[in-house]
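Dear colleague,

Please find below the structure that I am handing over to you. My notes on what was found in it follow directly after.

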Amino acid sequence: MLRGLFGRRPSARATVQVEPHGWRFEVEPGQTLLQAALAHGLPWPSRCRVGSCTTCRCRLLEGEVRALTDTSYVLTKEQLAGRVILACQSQPRGDVRVHLGRVRTTLPCDAAANDAAPADLPSP
Ligand code: FES
């Protein structure tokens, strides 16, 4: 009953397809897109991992996600209207397809990774 009141936790794996890179990976229940991508060794850009820097942003092309935090404080109205999401704060609700502009070209432990520019995104 409480789940009905407070929302359901995803109970099944979801498949994520990432354009234009052709990546495809599984997200376990309770994982965010970013956690799953990094667990699969993908160079998804990220910095804070708590929803404040927007480095991990991507555009949701198909499907639905559950946002763990209110992203309206860090994303613009235009980005929200264009279905931009934060991978570190998004749990898929079923299979999703997203667009990720730029990928990380350095290892996470490389100091240069902390200065990486946010991902490029197409116009809405
Ligand atoms: S890594 Fe900073 S908002 Fe996702």
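**Findings**

With 15 C-beta neighbours inside 10 Å, Arg83 counts as partly exposed. This residue sits in the loop between helix H3 (77–81) and S5, and its phi is positive, about 65°, although Arg83 is not a glycine. Please bear in mind throughout that the model is predicted.

Thr54 also deserves mention. Its phi is near 70°, a positive value in a residue other than glycine. Thr54 is placed in the loop between H2 and S3 and is partly exposed, having 18 other C-beta atoms within 10 Å.

**Overall arrangement**

The protein chain has 124 residues, of which 26% are buried. Its secondary structure consists of 3 helices and 7 strands. Read from the N terminus, these elements follow the order α-β-β-α-β-β-α-β-β-β. As for contacts between residues at least 6 apart in sequence, 60% of them connect residues at least 24 apart.

**The sheet**

Five strands form an open sheet in the order S2-S1-S7-S3-S5, and the pairing is mixed. S2 and S5 are the edge strands, each with a single partner strand, so one side of each has no neighbour in the sheet. On average, neighbouring strands of this sheet are turned by 40° against each other, direction ignored.

S1 has two partners to consider. With strand S2 (residues 23–27), S1 pairs in the antiparallel sense over 5 bridges. With S7, S1 pairs in the parallel sense over 4 bridges. Gln17 illustrates both pairings: Arg24 stands opposite Gln17 in S2, while Arg97 stands opposite Gln17 in S7.

The two faces of S1 can also be told apart. Ala14, Val16 and Val18 make up the covered face, whereas Thr15, Gln17 and Glu19 make up the uncovered one.

Elsewhere in the sheet, strand S3 (residues 57–62) and S5 run antiparallel and are joined by 3 bridges. Within this pairing, Arg59 has Val84 in S5 as its bridge partner.

**The turn between S1 and S2**

The hairpin of S1 and S2 has 3 residues between the strands, and Gly22 in this hairpin adopts a positive phi near 75°. Pro20 is found in the loop between S1 and S2. The peptide bond leading from Glu19 to Pro20 is cis, with omega near -5°.

**The nonpolar core**

Which residues touch the most other members of the largest nonpolar core? They are Val16, Leu33, Leu34, Ala37, Trp44 and Ala87, in a core of 21 residues. At least two residues of this core come from each of strand S1 (14–19), helix H2 (33–39), strand S5 (84–86) and strand S7 (96–99). H2 makes the greatest contribution to this core, with 5 residues.

Leaving aside residues up to four places away in sequence, Ala87 touches Thr32, Leu33, Leu34, Ala37, Trp44, Cys56 and Cys58. Val16, which is among the core residues named above, belongs to the covered face of S1.

With kind regards

Methods. Residues numbered from 1 in each chain as written. Predicted model: local features only at pLDDT ≥ 70, side-chain atom pairs only at ≥ 80, totals over all residues. Buried ≥ 20, exposed ≤ 12 C-beta atoms within 10 Å, placed from the backbone. Contact = placed C-beta atoms within 7 Å. Core = buried A, V, L, I, M, F, W, Y, C linked by C-beta atoms within 7 Å. Pairing = 2+ DSSP bridges. Axes fitted to C-alpha atoms, helices over the stretch in contact; angles between N-to-C directions.
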